[in-house]
Amino acid sequence: MPFFKKLFIRIDGYGLDKLILGNIRWYFLKALTFLTKKNLYIFKIFDSKMYLDIFDIGLSKQLIKYRVREMDHKILLDKIARPNFNILDIGANIGYYALIERSLIGDAGKILNNINKKLKT
């Protein structure tokens, strides 16, 4: 078996492929940001689109790299939230969970949150 095929199988087994590709994506966007002077990019997170700030080293960085965060919480939301629910999302930050909640409760449900307004557009 060729060396690279063995290496990929080993990397894939540990999830390192996501780590490597996520870091490549992150550094590519960092370089692109210096060329375009643009800091917000649109990313597909689950079935929705979300603006993420390339200079945010917290939640945005993780979502840019891996497209997911705290899957255990998402699984709980999938089991609990139903159409027409009303949800109070305290500390909504950039709206990651609000995005997930909206897809689960539909347009008839309501989400009350305090999404961070200091993102630059």
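**The core and its surroundings**

Me: Which residues touch the most other members of the largest nonpolar core?
Reply: A nonpolar core is a set of buried Ala, Val, Leu, Ile, Met, Phe, Trp, Tyr and Cys residues joined through side-chain atoms within 4.5 Å. Buried means under 20% relative accessible area, exposed over 50%, and partly exposed in between (1.4 Å probe, protein chains only). The largest such core has 16 residues, and those touching the most other members are F43, I45, M50, L52, L63, I64 and Y96.

Me: Which helices and strands each supply at least two residues of this core?
Reply: Helices (H or I, at least four residues) and strands (E, at least two) are DSSP runs, numbered from the N terminus. The elements that each supply at least two core residues are α2 (16–36), β1 (40–45), β2 (48–53), α3 (59–66) and α5 (96–105).

Me: On what kind of model do these answers rest, and how are residues numbered?
Reply: The model is predicted: local features need pLDDT of at least 70, side-chain atom pairs count only at pLDDT 80 or more, and totals for chains, interfaces and linings use all residues. Side-chain values use heavy atoms, with hydrogens and water left out, and residues are numbered along each chain as its sequence is written, from 1.

**Aromatic pairs**

Me: How are the rings of F34 and F55 arranged?
Reply: Rings of Phe, Tyr and Trp (its six-membered ring) pair if their centres lie within 6.5 Å; planes under 30 degrees apart count as stacked, over 60 as edge-to-face and the rest as tilted. By this rule there are three aromatic pairs. The centres of F34 and F55 are 6.5 Å apart and their planes stand at 70 degrees, so this pair is edge-to-face.

Me: Why does this pair tie together parts that are apart in sequence, and by how many residues?
Reply: F34 belongs to helix α2, whereas F55 belongs to the loop between β2 and α3. The pair therefore ties together parts whose separation in sequence is 21 residues.

Me: Are Y96 and Y97 buried or exposed?
Reply: These two residues form an edge-to-face aromatic pair, 5.0 Å centre to centre with 65 degrees between the planes. Ring pairs link Y96 and Y97 with F46 into a cluster. Both Y96 and Y97 are buried.

**Helix α5**

Me: Which elements do the buried residues of α5 pack against?
Reply: The buried residues of α5 are Y96, Y97, A98, I100, E101 and I105. They pack against β1, β2, α3, α4 (71–80), β3 (86–89) and β4 (110–113).

Technical notes
Contact means heavy atoms within 4.5 Å.
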